[in-house]
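Welcome! Here are a few exercises to work through with the structure open beside you. Try each task yourself before reading its solution.

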Amino acid sequence: MRRIFVIGIGVGDPDHMTVQAIKALNRASVFFIPDKGAEKAALRDLRIAICERFVEKPAYRTVAVEVPQRASSGDYLDGVDEWHGRLADIYGALLERELGEDDVGALLVWGDPTIYDSTLRIVEQMRVKGLALEFEVIPGISSVQVLAARHRIALNQIGEGVLLTTGRKLAEGFPDDADSVVVLLDGVQAFARLADQNLEIFWGAYLGTEHEILRAGKLAHVRDEIAAVRREARERHGWIMDIYLLRRSEREHG
Ligand SMILES: C[S@@+](CC[C@H](N)C(=O)[O-])C[C@H]1O[C@@H](n2cnc3c(N)ncnc32)[C@H](O)[C@@H]1O
């Protein structure tokens, strides 16, 4: 049966690759590399750099996967569902064409495959649609961990929980029952509207890359600076990936 590894590759620094990820890479012979256009060229380049640096057998192949745009109009969840269906068809056809019955393929996933990534849902859909496929998931270092490490902080405060969410959800307000909230995928800078609350922010962009930027402080004090730095960096590079932790200030815990 065809087999694939879904391998977490970290978020920008090839040194994020774990020993387990490198071993899995070396058991595969075909690497499927998503191509999301110019904006994501940096991500594609890292995947290729990882193959060149860590794959020891000379006879491996890379296969480019043309990733279609997700529809931005209509209901969000319906749009995502429809997009996953199309991706499952594209990947399914490529796996059938490019992998022989006993070949092993690899999907190189940004960060960790279990955190805000579609790959595992797409693999599941391929199987539901009838593709005979075995798969194994190799965890990776996530932007969530790199953010905390670079700021040298624990994600949780003592005895409290941590919520992972998106900018879209945070735009509805800071959750009443949350203490520490890590926000990914924030295209709207939802933090900017929360400056009247007693929150601290730990922000990071391009983590793990040579362009990394970090800022931290009371949200009310650093909000405008982060917004300006973010805008300027985005214009300069043509793309940005940023993540932040918002947490209630220690004083509130008494
Ligand atoms: C589709 S999610 C993928 C998350 C990924 N699976 C992970 O484990 O980090 C993309 C979001 O992850 C965050 N992210 C990923 N890489 C990042 C990086 N190098 N620096 C800052 N944020 C990053 C950003 O919030 C970005 O919008």
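**Exercise 1.** How many residue pairs are in polar contact across the interface of domain 1 and domain 2?

*Solution.* Before counting, note that this is a predicted model, where local features need pLDDT of at least 70, side-chain atom pairs count only at pLDDT 80 or more, and totals for chains, interfaces and linings use all residues. Residues are numbered from 1 along each chain as its sequence is written, and side-chain values use heavy atoms, leaving out hydrogens and water.

Step 1: find the parts. The protein chain is divided into domain 1 (2-141) and domain 2 (144-253), with bounds from an automatic or database domain assignment.

Step 2: apply the rule. A polar contact is a pair of N or O atoms within 3.5 Å; within protein, one must be able to donate a hydrogen and the other to accept it, and residues adjacent in sequence count only if both atoms are side-chain atoms. Across this interface the rule finds 2 residue pairs, both at pLDDT 80 or more.

**Exercise 2.** Describe the area buried between the two domains.

*Solution.* Step 1: take the area. Domain 1 and domain 2 bury about 1100 Å² between them, counted as the accessible area (1.4 Å probe) that two parts lose on being put together, summed over both.

Step 1: look at the atoms. Carbon and sulfur atoms hold 71% of that buried area.

**Exercise 3.** Which residues come nearest to the ligand?

*Solution.* Step 1: list them. Of the 16 residues around the ligand (a heavy atom within 4 Å), the nearest are Val-11, Trp-110, Ile-115, Ser-143 and Asp-242.

Step 1: check the backbone. A nitrogen atom of the ligand lies 2.9 Å from a backbone N or O atom of Val-11. For Ile-115, a backbone N or O atom lies 2.8 Å from a ligand nitrogen atom. A polar backbone atom of Asp-242 is 2.6 Å from an oxygen atom of the ligand.

Step 2: Domain 1 and domain 2 each supply at least three residues to the shell around the ligand.
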